[in-house]
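Q: Could you take me through how a few side-chain features are read from a set of coordinates, giving the general idea before each case?

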Amino acid sequence: QVQLVESGGGLVQPGGSLRLSCAASGLTSASYVFTWYRQAPGKERELVAYITTSTGLTTYADSVKGRFAISINNAKNMVYLQMNNLRPEDTAVYYCNAHHVWSGDDYWGQGTQVTVSS
């Protein structure tokens, strides 16, 4: 069973930085897509960025391009989201998702709160 545990959230001032981590266990192959989603109060969950374990291909939402960077350490089964130049509108609960490419199974972490406020 795949388990995902996020960490690294917190309170930061506008313009500040945070690095979120997602620790994955129970992975059965190297064919996953890891995605960071976020959900702000009263809003739908939205995709922030994703990365493939096989090729390292990355994709970002327009709202975070140039500010956020997703990365992966396959040896440690860790996925990171470096968030720079944070804005109040980045405030949300951030979730890590693992999608198995062959089976289509999806796994979610419990989420970590990011609050950007002065």
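A: Let us begin with charges and rings: a charge sits over a ring if NZ of Lys or CZ of Arg is within 6 Å of the ring centre and within 35 degrees of the ring normal. By this criterion R45 lies over the face of Y95, at 4.0 Å from the ring centre, and the charged end of R45 also sits over the ring of W108, 4.6 Å from its centre. This is a predicted model, in which local features need pLDDT of at least 70 and side-chain atom pairs count only at pLDDT 80 or more, while totals for chains, interfaces and linings use all residues. Residues are numbered from 1 along each chain as its sequence is written, and side-chain values use heavy atoms, with hydrogens and water left out.

Q: How are the rings of Y95 and W108 placed relative to each other?

A: A pair of aromatic rings is described by the distance of the centres and the angle of the planes. Rings of Phe, Tyr and Trp (its six-membered ring) pair if their centres lie within 6.5 Å, and planes under 30 degrees apart count as stacked, over 60 as edge-to-face and the rest as tilted. The count comes to three aromatic pairs; for Y95 and W108 the centres are 6.5 Å apart and the planes at 80°, so this pair is edge-to-face. Y95 belongs to strand β9 and W108 to strand β10 (residues 106-108), 13 residues apart, where strands are DSSP runs of E, at least two residues, numbered from the N terminus. Ring pairs link Y37, Y95 and W108 into a cluster.

Q: Is Y95 buried or exposed?

A: Buried means under 20% relative accessible area, exposed over 50%, and partly exposed in between (1.4 Å probe, protein chains only). Y95, at 15%, therefore counts as buried, whereas W108, at 38%, counts as partly exposed.

Q: Which cysteines does the disulfide join?

A: A disulfide is a pair of cysteine sulfur atoms within 2.5 Å, and the structure holds one, joining C22 to C96 with an S to S distance of 2.1 Å. C22 lies in strand β3 (residues 18-25) and C96 in strand β9, so the pair ties together parts that are 74 residues apart in sequence. The torsion about the S-S bond is about -80°, so the disulfide is left-handed. C22 is buried at 0% relative accessible area, and C96 is buried at 0% as well.

Q: Which side chain joins that of N97 in a polar contact?

A: A polar contact is a pair of N or O atoms within 3.5 Å; within protein, one must be able to donate a hydrogen and the other to accept it, and residues adjacent in sequence count only if both atoms are side-chain atoms. N97, found in strand β9 (residues 92-100), has such a contact of 3.3 Å with the side chain of D106, and N97 is buried at 2% relative accessibility.

Notes:
Helices (H or I, at least four residues) and strands (E, at least two) are DSSP runs, numbered from the N terminus.
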